[in-house]
Structure formats: C-alpha cells, structure tokens
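This report takes up the overall make-up of one protein chain and then a few of its side chains. Please have the sequence and the structure at hand while reading.

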Amino acid sequence: MKSTYHSIRRHIITGFIFIMPILITLAVVGKFWGNLMKIGAKVSKLIRIDTMLGNSGDAVMAILVFLFFCILAGFLVRLPAFKRISDWLDEKLSSFIPGYTDIKKQTVTKVGMGPQEEVFRTCLVKIQDYWQPAYIVDEKEDGSITAFVPQAPTFTAGNVIVVDAGQFKMLKVDSKTLNGYLKRLGKGLTIE
C-alpha cells in the first residue's frame, strides 16, 4: 500500500512539473492576446473596420498593431538610451526567470540575428588509448595543433589541448557537421 502511495505521489509531482510550464505559457499568452484584442477592437472601431469584418477585423487589427509595435521597438532599441533599458530589462528577467538568458540566445541564433558560428576544421585527437573528436583552433609550423575537445552532447564545454603532429587524424567534416554528430552522442561519426 505504501509503495502504491509513493508511486502515485511521484507521478503526480512529475506530471505537475511537466504541465506547469505549459500552463504558465498558456496563461501569459492568453492574457497578452486578450489585451491585444481589446486594443485591436478599439483601433478597428476607430477606423470603422469593425462593421465590415466583425470580430475577425479585431483580430486582424490586433496582429497589425502588434507588428507595428515590433517594428517601432526594433527602431527604438537601436538608440543608446533604449538599448540600455533593454539590457537592464534582460538582466532583471534573467535574475527572475531561470534559463531566460539561454532561451534568448537560442532564439536570437535561430532567427539569424546572433553572431555567426565560426566554422573550424576537425580532427580526431589521441588522448591516452582513445581517439576523441576535436576542432582545430590553431596550427603551428612544426605540425602541432591547438585543439578544442568538446564534451558531448553540448559541444560548448570541453578542453583546449596542444597536440603533436602524430597524435591527431584529420576528419573530412567541418565543425557544424561534427556538432550534429555530437548532439547524437557520436552516432554516425566515422573515420574515412
């Protein structure tokens, strides 16, 4: 009986932890959309679209108003004063919302606005008795290299090492392709 209680309790807690971010997201988006619809309704009444399109006119105007504010904010954030305000808000949000900074970086990268990822040549580095994939960061005249050995699956953390000429083998893939293999814990990575 006690094990059944603990099992049910564990499932309830796990389920709640899974559902909580979804509920919070739905609540925030719902509140935002409700306020945006009120603004859209006022604008559509102001320019007399409400009689022609009804509720769908309010939704169209809400989306247009939102896009207008996005464009306006995009121009304003380029001004130094608004950039400082934006940075301050980001700092405050990152202290209150766990993972905010990571989510923002991922979003910026996915929409193509972030810094472009540098592409490196890759190799396998012999460390003790094992070969590990690495990015070639710098090559020396004597044939040695400076390499970054990433830790799978993140590939953003790892070790920087200097490797002698006979201790590495070149790979025929670049760092972007290697990152794909590392995300899959090395699946598909072969020596050619």
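## Contacts, fold and selected side chains

Of the contacts in the protein chain with a separation of 6 or more, 36% are between residues 24 or more positions apart. The model is a predicted one, and its protein chain holds six helices and five strands, which follow one another from the N terminus in the order α-α-α-α-α-β-β-β-β-β-α. Of the 192 residues in the protein chain, 19% are buried, while the chain exposes about 14,900 Å², of which carbon and sulfur atoms supply 65%.

Three aromatic pairs are present in the structure. One of them joins Phe-32 and Phe-66 in an edge-to-face arrangement, with 5.6 Å from centre to centre and 75 degrees between the planes. Because Phe-32 belongs to helix H1 and Phe-66 to helix H3 (residues 55–76), this pair ties together parts that lie 34 residues apart in sequence.

Helix H1 (residues 2–46) also contains Ser-44, whose side chain makes a polar contact of 2.6 Å with the side chain of Asp-58.

| Residue | Relative accessibility | Class |
|---|---|---|
| Ser-44 | 0% | buried |
| Phe-32 | 43% | partly exposed |
| Phe-66 | 34% | partly exposed |

Ser-44 counts as buried because its relative accessibility of 0% falls under the 20% cut-off, whereas Phe-32 at 43% and Phe-66 at 34% are partly exposed.

Definitions and conventions:
Residues numbered from 1 in each chain as written. Predicted model: local features only at pLDDT ≥ 70, side-chain atom pairs only at ≥ 80, totals over all residues. Heavy atoms only, no water. Helix = DSSP H or I, 4+ residues; strand = E, 2+ residues; numbered from the N terminus. Buried < 20%, exposed > 50% of the residue type's maximum accessible area, 1.4 Å probe, protein only. Polar contact = N/O pair within 3.5 Å; in protein donor to acceptor, adjacent residues only side chain to side chain. Phe/Tyr/Trp six-rings, centres within 6.5 Å; stacked < 30°, edge-to-face > 60°. Contact = heavy atoms within 4.5 Å. Areas by Shrake-Rupley, 256 points an atom, 1.4 Å probe, with all protein chains shown as cover.
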